[in-house]
Amino acid sequence: MHVYINSSLIPESEAKISVFDHGFLYGDGIYETMRSYEGIVFMLDEHIRRLHRSASLIQLAISKSSKEIKSAIHKTLKANSLKNAYIRLTISRGFGKIGLDPALCEKPTFVIVTNEFKDYPGSFYKKGVKLIISSVKRNLKEAINPQIKSLNFLNNILAKIEAKKKNAYEALMLNSQSHLAEGTICNVFFVLKKKNKAVLCTPSLDCGILDGITRNIVLELAKKNGMAIKEGKFKKEDIYRASEVFITNTTMEIMPVYKVDSVSYQVGAVAKLLHEAYKENVRAYLEKKV
Ligand code: PDD
């Protein structure tokens with residue numbers, strides 16, 4: 001595999017950045033994870049828009065235009081002969097003397113890593129995955145806004161460590177007000193029955209979460225399918241009484257959940273319907289882009 005660094009494609013074994021890079025020293029930088037299907041990067045414009053938003057929220061000037069970024073991604077996919085790929089684009093503050101001041105770094109470091117997309121085990125979709133509600137709270141949005149897709153992932157990593165200790169696949173984090181927020185790398189949805197009517201629930205953005213691109217698509221598809229939706233503030237007890245739960249992100253799409261803490265769920269009709277609609281939406285996107 002070749003890795004794109006700044007403006008060059010470098011063999012993986014030689015792809016290196018400085019120990020003085022502020023991404024390494026301080027987690028000072030941003031990233032996006034994308035997925036390509038049959039050579040087409042799904043929701044590329046949306047990912048690039050979010051990348052620019054993250055950059056602007058940390059006052060990082062990206063030296064490449066959106067067009068140049070797209071071209072670099074396509075060049076990397078081509079160099080690695082990849083059609084169905086995992087794509088990670090990272091931009092750090094760059095190389096500079098030790099010290100927090102961003103002005104110490106002359107220019108950002110721009111890296112694209114790609115890999116063959118490896119499907120998740122089929123059982124994850126058939127049976128679901130296990131989650132815990134972590135004791136680690138999501139970063140306070142007034143401290144580190146979770147809408148910045150930053151390189152500083154310790155908050156999420158601490159929650160993930162707890163999940164692994166409890167043999168769970170993923171951890172859901174609550175915010176400082178004990179409202180449900182999101183997973184370590186995903187958004188969460190669940191279905192509550194109200195007077196026998198199913199309501200698709202998900203934490204609202206003001207709970208301090210990343211506005212997942214997959215989350216937005218799921219909300220649109222749910223609307224199109226006439227589902228009742230509630231974006232709001234929820235407690236962990238709400239998820240415990242849900243009839244189904246699923247998590248979403250760019251690589252997993254829609255993944256059902258069979259357990260949260262000690263509460264069990266079936267893979268439900270809503271997750272199944274939305275995942276089929278999601279796949280159809282991907283197909284339509286690819287057709288439009290060909
Ligand atoms: N993670 N919340 C968090 C904290 C995330 O890191 C992600 C994405 C999401 C879902 O966003 P999207 O639907 O746009 O992928 C929500 C990516 C996949 C990652 O960390 O690699």
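How far is an oxygen atom of the ligand from an N or O atom in the side chain of lysine 149? The distance is 3.2 Å.

This is a predicted model, in which local features need pLDDT of at least 70 and side-chain atom pairs count only at pLDDT 80 or more, while totals for chains, interfaces and linings use all residues. Residues are numbered from 1 along each chain as its sequence is written, and side-chain values use heavy atoms, with hydrogens and water left out.

View 1. Besides the lysine 149 pair at 3.2 Å, a ligand oxygen lies 2.7 Å from an N or O atom in the side chain of threonine 33. A polar backbone atom of isoleucine 213 is 2.8 Å from an oxygen atom of the ligand. The protein covers 95% of the 480 Å² of accessible area that the ligand has on its own (Shrake-Rupley method, 1.4 Å probe).

**View 2. The shell around the ligand.** The ligand is surrounded by 19 residues (a heavy atom within 4 Å); the closest are Tyr31, Thr33, Glu182, Thr214 and Thr250. The shell comprises 6 nonpolar, 9 polar and 4 charged residues, with Tyr among the nonpolar types, Asp, Glu, Lys and Arg counted as charged, and Gly counted as polar.

**View 3. Elements that supply the shell.** At least two shell residues come from each of strand E3 (29-37), strand E9 (180-183) and helix H6 (213-224); these are DSSP runs of at least four residues for helices and at least two for strands, numbered from the N terminus.

Key. Polar contact = N/O pair within 3.5 Å; in protein donor to acceptor, adjacent residues only side chain to side chain.
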